[in-house]
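Me: I have this model open and keep meeting labels I would like to understand. Could you walk me through them?

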Amino acid sequence: MQKHIDIHDFAELAAEAAIAATGHGWRARNLQGLIRLGLPVPRTVALSFAAVRAIAAGLRPDAERILARFGPGALVSVRPSSENPDWGGPGTILNVGMNAARHAALARSHGETAATALYLRFVQAYAIHVARLDPDRFAAPEVTPAALAAALAAYEAETDEPFPADPARQLAEVLRSMARAWEGTTARLLREAKGAPAAAGLGLVVQEMALGLGPGASGSGLIQFVDPASGRPGVSGRYRPQCLGREALDPGAAAFSLLRDPRAPSLEEACPAAFAELLRHGAACRTGLREEMQIEFALENGRLRVIDAARLRRTARATLRIAVALADDGVITPEEALLRVEPRALSELLHRQVAPGTPRDVFARGIAASPGAAAGRVALGPAAAQAFAARGEACILVRRETTPEDIRGMHAAAGVLTERGGITSHAAVIARGLGLPCVVGAAGLRFDPRERRLFAPGGRAFAEGDLITVDGTRGEAIAGAVEMLEPALDASFRQLMAWADAARDIDIRANADTPADARLAREFAAGGIGLCRTEHMFFDEDRLTVMREMIFADTPEDRRAALDRLLPMQREDFVGLFEIMHGLPVCIRLFDPPLHEFLPQSREGLRELAEALGRPLPEVTRRVETLSEFNPMLGMRGVRLGIVLPEIYDMQARAIFEATIEASRNGAPVVPEIMIPLVSAKREVELVKTRIDAVAAAVRVARGASFDYRLGVMVETPRAALRAGEIAQHAAFLSFGTNDLTQMTYGLSRDDAGRFMSAYVQQHVFPEDPFHVLDVDGVGELLLIGAARGRATRPGLTLSICGEHGGNPESIAFCRAARFDYVSCSPFRVPVARLAAARLAVADRLQADQSS
């Protein structure tokens with residue numbers, strides 16, 4: 001004989017019952033909250049996680065005692081109650097306890113049709129979900145006595161026994177089936193994919209049925225009090241007369257609107273008292289449960305029953321607006337509002353997005369490298385992108401991979417799609433900085449440059465000029481244009497950001513290369529510019545030719561002459577940045593990339609360069625080949641250029657100092673920060689510092705003005721991190737460039753890692769893509785070593801990170817713990833970083849309060 005579960009493993013829900021989400025699940029805890037608020041919840045019994053595990057292990061529940069709580073002849077439902085509603089659970093079973101006798105009694109009280117519908121729905125659900133029989137044998141298009149008889153006969157034919165009539169047996173089998181379904185391998189993998197731990201428990205809730213069928217005003221429905229898409233106040237939902245449970249949501253069923261509507265019947269008009277009661281219950285849930293809820297209800301002959309209430313599912317836009325509204329109304333605190341909005345969800349507000357529910361004709365998938373969505377014409381090169389932009393047509397720049405030569409095309413495009421690349425590839429980094437939607441690593445794309453055509457996996461062809469959409473939030477390329485949602489930087493967004501700034505304890509700067517980037521940084525309330533990559537200033541057409549003349553100069557004097565022509569252009573750039581930032585710190589990285597990136601590679605480009613320089617084509621071709629390197633990212637770049645060709649850094653330093661004087665004269669005082677890239681030895685810093693100090697002295701004398709500046713180092717090589725103590729002797733700050741530092745620590749090319757990174761993550765070689773989430777064990781240890789050794793030499797040393805990791809919440813947590821002064825990230829990630837930093841500070845304070 002099977003053993004019954006201890007009676008203490010289930011409890012009737014009441015205001016004083018010992019119910020917890022960690023022991024009985026969210027639904028049981030939620031229903032108890034409704035009971036405490038005085039809502040008319042049907043009698044309910046909750047089974048604990050321990051009880052459900054015991055049932056799954058083979059112990060038989062005391063179904064008779066459970067049913068005794070409801071009285072004779074009661075019908076009940078059984079619903080899952082996991083700890084987190086996002087983890088799901090087995091489907092709800094309604095009308096447990098239905099049999100021939102109960103059918104006859106209901107036929108007398110509610111009518112034959114209602115009674116037959118209840119019985120048939122139960123037989124179907126029991127056969128399919130409990131007995132695990134073929135669903136096709138129990139499909140009944142209409143509710144008729146004949147259909148009920150056929151379902152009962154099919155059950156007996158399949159199982160060799162009549163359909164069980166004993167309510168206790170029915171309930172026991174339903175509980176057993178749901179408990180075992182939760183413990184199954186498929187269910188476990190599904191919930192683990194949603195973040196549930198392997199040992200996550202399931203509770204079960206047994207509730208008296210509110211039928212929604214029968215005489216008088218009877219039916220079922222759902223009601224919510226804010227728009228789940230926008231978060232704005234407004235009653236919505238559905239009510240369907242003479243229906244059971246969530247059948248009210250059947251889109252093919254005739255349903256009432258909730259609010260009075262001259263075009264159709266409404267619940268407000270048909271049952272004004274019940275509608276008013278629902279409004280009161282919604283307000284009570286909002287203040288008592290401190291949340292916007294969706295209420296599931298039933299009417300039985302005009303009597304309202306609240307079956308369940310769950311946190312309203314909502315978009316990121318609605319989540320933010322609801323959190324701010326609750327805080328504004330004093331229902332929650334501003335700190336709680338911050339904790340209710342996930343930082344990464346802000347991307348949905350900052351960029352245009354594909355509207356939810358929009359049909360998607362996806363022709364390629366890749367890595368979601370920069371969030372947002374954009375539609376435009378296919379442009380297979382920067383020249384085509386600029387041509388479309390000149391005609392006022394939006395375009396999507398589609399390339400095998402982007403290079404610095406594509407910068408102008410990216411500025412002209414509305415979005416970017418590449419076949420190659422990873423999360424920190426050139427296309428991804430620049431697109432995030434520009435706020436462009438970007439999908440990289442879309443493997444399988446093919447290009448026909450002669451015919452100007454793009455081929456998707458499977459052979460589908462797109463000609464240049466065809467309309468496509470890039471969804472950088474989901475990593476998809478979509479044929480045609482689709483419906484979009486506009487950004488939502490409204491008053492609620494600004495209020496949440498103000499609360500975030502008041503709470504956070506680490507500064508957030510922006511990576512900004514142009515005046516447009518700087519204005520965006522100010523718009524998003526960045527605390528300054530943490531990385532200005534000066535090389536991006538040289539790709540404008542009027543500057544590129546001069547830059548190439550400098551590269552082809554035969555003597556230092558010729559090189560200096562070309563740089564003298566670039567000097568006023570650079571000075572103008574820096575004046576613009578300083579004036580826009582209005583006294584906020586601006587950190588300018590000196591020239592970094594290898595020179596060959598400024599030179600054309602195609603035959604046509606080489607011919608045009610030869611004409612522009614007035615040199616023979618063979619000579620130009622030889623010089624370009626001479627400048628090419630086997631591994632340019634580890635070759636003649638960064639500080640190495642500044643030492644071998646010191647005139648470049650001299651010109652940049654002069655431009656910075658002259659701009660400092662001019663901008664300070666017209667506005668707030670400027671103290672520029674000059675950063676030396678790719679350092680690996682103290683002597684490199686000494687050499688560059690000596691020349692920059694000399695330039696500063698010369699400018700002070702020539703202009704008759706004084707100014708201050710700070711010189712620092714961008715730590716991108718493992719050796720620089722290890723030797724940070726001696727490097728800090730000559731540096732006021734160390735800024736860790738985690739893109740290159742990750743690349744050099746792992747020996748991985750960030751542009752090519754996307755080809756195998758997903759396999760590495762899936763097979764647990766790496767827990768995450770280290771170019772996307774900071775590797776705190778390896779790269780993080782180098783940061784800690786560098787920070788400790790640097791500050792041991794110079795206690796007031798400013799520390800920061802300025803790679804793409806700077807906008808990640810996980811990286812910000814690491815930097816706070818390591819006592820860094822700020823993080824710097826792309827302008828569009830600044831709000832994400834501000835919120836992430838605030839949430840970390842709030843969580844720390846709450847933990848400290850609980851400990852004290």
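Predicted model: local features only at pLDDT ≥ 70, side-chain atom pairs only at ≥ 80, totals over all residues.

Me: Which residues of H29 and H31 meet?

Reply: Thr 738, Leu 741, Thr 742, Thr 745 and Tyr 746 in H29 touch Val 779, Leu 782 and Leu 783 in H31; contact means heavy atoms within 4.5 Å. By class, that is 5 nonpolar, 3 polar and no charged residues (Ala, Val, Leu, Ile, Met, Phe, Trp, Tyr, Cys and Pro are nonpolar, Asp, Glu, Lys and Arg charged, the others, Gly among them, polar).

Me: Why is H18 called oblique to H33?

Reply: H18 (residues 491-503) and H33 (residues 830-851) pack at about 50 degrees, with axes 8 Å apart. That angle makes H18 oblique to H33, since under 35 degrees is roughly parallel, over 145 roughly antiparallel, 65 to 115 roughly perpendicular and the rest oblique. Their crossing is left-handed. The H18 side of the contact includes Phe 493, Leu 496 and Asp 501, and the H33 side includes Arg 834, Leu 835 and Arg 845. Overall, 10 nonpolar, no polar and 3 charged residues take part.

Me: And how do you know that H6 and H7 are roughly parallel?

Reply: H6 (residues 112-130) and H7 (residues 145-159) pack at about 25 degrees, with axes 9 Å apart, and H6 and H7 are therefore roughly parallel. H6 passes H7 in a left-handed crossing.

Me: What makes S17 and S19 edge strands?

Reply: They belong to an open antiparallel sheet of 3 strands in the order S17-S18-S19. S17 (446-448) and S19 (461-463) each have a single partner strand, so one side of each lacks a neighbour in the sheet. Two strands pair if DSSP finds at least two bridges between them; S18 (residues 453-455) and S19 are joined by 3. Leu 454 stands opposite Phe 462 in S19. Helices (H or I, at least four residues) and strands (E, at least two) are DSSP runs, numbered from the N terminus.

Me: Why is the pair of Tyr 239 and Phe 297 called stacked?

Reply: It belongs to the 19 aromatic pairs of the structure. The ring centres of Tyr 239 and Phe 297 are 6.0 Å apart and the planes lie at 10 degrees, so the pair is stacked. The rule for Phe, Tyr and Trp (its six-membered ring) asks for centres within 6.5 Å, with planes under 30 degrees counted as stacked, over 60 as edge-to-face and the rest as tilted. Tyr 239 sits in S7 (residues 233-241) and Phe 297 in S8 (residues 293-300), 58 residues apart.

Terms used. Residues numbered from 1 in each chain as written. Heavy atoms only, no water. Axes fitted to C-alpha atoms, helices over the stretch in contact; angles between N-to-C directions. Left-handed = near helix turned anticlockwise from the far one by under 90°.
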